[in-house]
Amino acid sequence: MRGSMPVVGQALVACVFAGALLLLSESLLAGEKSPLNRLRPLDSRPELDSGQALGRACVPGETVVMRENVGKDSSYWRGLHRGQFVVCTGNSRNGELLVADGPGRVWQLSRTQVNATRFFPAEWTAYDRDYLVWAYDRNTLIFRESLANSFEGNFFYLLLDDDGEGRLNGALLIDSGTGYANLRPYIAPLIGSSPLTVVNTHSHWDHFGGNRDLQSLPNVRFYGYQPDGRYEPFPQYPRYSVDALFDGEEESVHRELGIGKRRVTALKIPGHTGDSIALYDAREQLLFTSDTVCPCLLFIEDWSAYLQSAALLKRFVAENPVKWLLGGHLEMSRPKADNRQHEYFYFGSNSHRDEHALQLPLSYLALAEREVKRVLADADDQGPRYDARRIDKPFHDVPMVPVPFPGIPSYYRDDANRLVDILRQRHASDER
Ligand SMILES: [Zn+2]
Ligand SMILES: [Zn+2]
């Protein structure tokens, strides 16, 4: 054993040296214009490429993500790196994939060397990081706030448009989470100097708290919460308005945003709150429904407005191609064993067991509408006695137990107050 020690020592030194070289080449690459390096700062995060290996022939034009480094040499990065996005150009006769990288080089890879994209992970866990970032494809990124920071585990979305060679034409951030942890280090490397539009889906504090982290970006515009010196997230929503998004037109129910060449439509869907909007991305055919339709408890401020909005969304998906509805939360509660009443997961719970999938089929719109109508039908003269309802019965075999109004368990309020205190301290700090 003693004789082998120096060899081990040398190997360690060599590893450290190789690591330093790797870091050096990564920092060089970070300054490079190459498009596919845009996601580099997150490449080492395992969640980004923890998806399934592509177990089939690829579809030409399909974006896939590298599972491993290929073809690297030590003097310069001439290969493909783990986490890099490449585009399928075809399939070879022996079943390997032909893929092109940003500079247009074509590579032949085995299917096990890449992960599929445009799919969703089996579970959304972010135990050791403030945000999980999932690349649905290279220009559509899904963020989830760590459950350890907020039991609500908000989802929000960054849509990018590039010119095909990686230079960004524009970026749209749909919501920004609670703002518990600084969002800027996650967003800034992804958008570079591209203009950023931030749109909040409604004036609940868990959807706009991160706006403040982005206000110092060079070219940013906010629709929803305009960050300023005063921060009072709960229960008041300062300076919140999406009027500018709709040109101040009361009657306007939708408005098109151009994010580069990517068309995104905003629709007014009051009900959850009076200022709720949905966003539709025509390119990926995704409809972002936030808290209005999600696999979670539905809170409804205005029931008749909610039903009108549900009808509007149903018409919209009948007239426009939509693959998935993507909401702002997964379940935030669990049924208690004794009375099956739902109670919230506690703040700091880093795991919500058996979470529902994020993506919802279109049938969920009709389901939400039906359940809300049922609650209304059960209501007496005082109106609905429930402010929330769980509507995922067809997906989970869990009894639908509404939360009685006001019905929010006291520990939820305690946790909310604690979070607000933390947020206030953060936002008061000069270090930001
Ligand atoms: Zn909400
Ligand atoms: Zn929410």
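How many helices and strands does the protein have? The model, which is predicted, contains seven helices and 23 strands. Of the 432 residues in the protein, 40% are buried. Contacts between residues at least 6 apart in sequence were also examined by separation. Of these, 61% join residues at least 24 apart.

In general, strands of a sheet pair through backbone hydrogen bonds, either parallel or antiparallel. For strand 6 and strand 7 (residues 140-145), the sense is antiparallel, and the pairing extends over six bridges. Within this pairing, Asp137 has Thr140 of strand 7 as its bridge partner.

Which residues of helix 3 are buried? They are Tyr186, Ile187, Leu190 and Ile191. These residues cover an arc of only 100° around the axis, which puts them on the same side of helix 3. An α-helix has 3.6 residues a turn, so residues three or four places apart point the same way. The buried residues of helix 3 pack against strand 6, strand 7, strand 8, strand 9 and strand 10. Helix 4 (211-214) is also among their packing partners. Just after helix 3 comes Gly192, with a positive phi of about 55°.

Helix 6 (residues 363-378) has 16 residues. From its first C-alpha to its last, helix 6 reaches 23 Å. This is close to the 22 Å expected at 1.5 Å a residue. Tyr364, Leu365, Ala368, Val372 and Val375 of helix 6 are buried. Their arc around the axis is only 110°, which puts them on the same side of helix 6. The other side of helix 6 carries exposed residues: Ser363, Arg370, Ala377 and Asp378.

Terms used:
Residues numbered from 1 in each chain as written. Chains lettered and ligands numbered in written order. Predicted model: local features only at pLDDT ≥ 70, side-chain atom pairs only at ≥ 80, totals over all residues. Helix = DSSP H or I, 4+ residues; strand = E, 2+ residues; numbered from the N terminus. Buried ≥ 20, exposed ≤ 12 C-beta atoms within 10 Å, placed from the backbone. Contact = placed C-beta atoms within 7 Å. Pairing = 2+ DSSP bridges. Arc of directions from axis to C-beta. Expected span 1.5 Å × (residues − 1).
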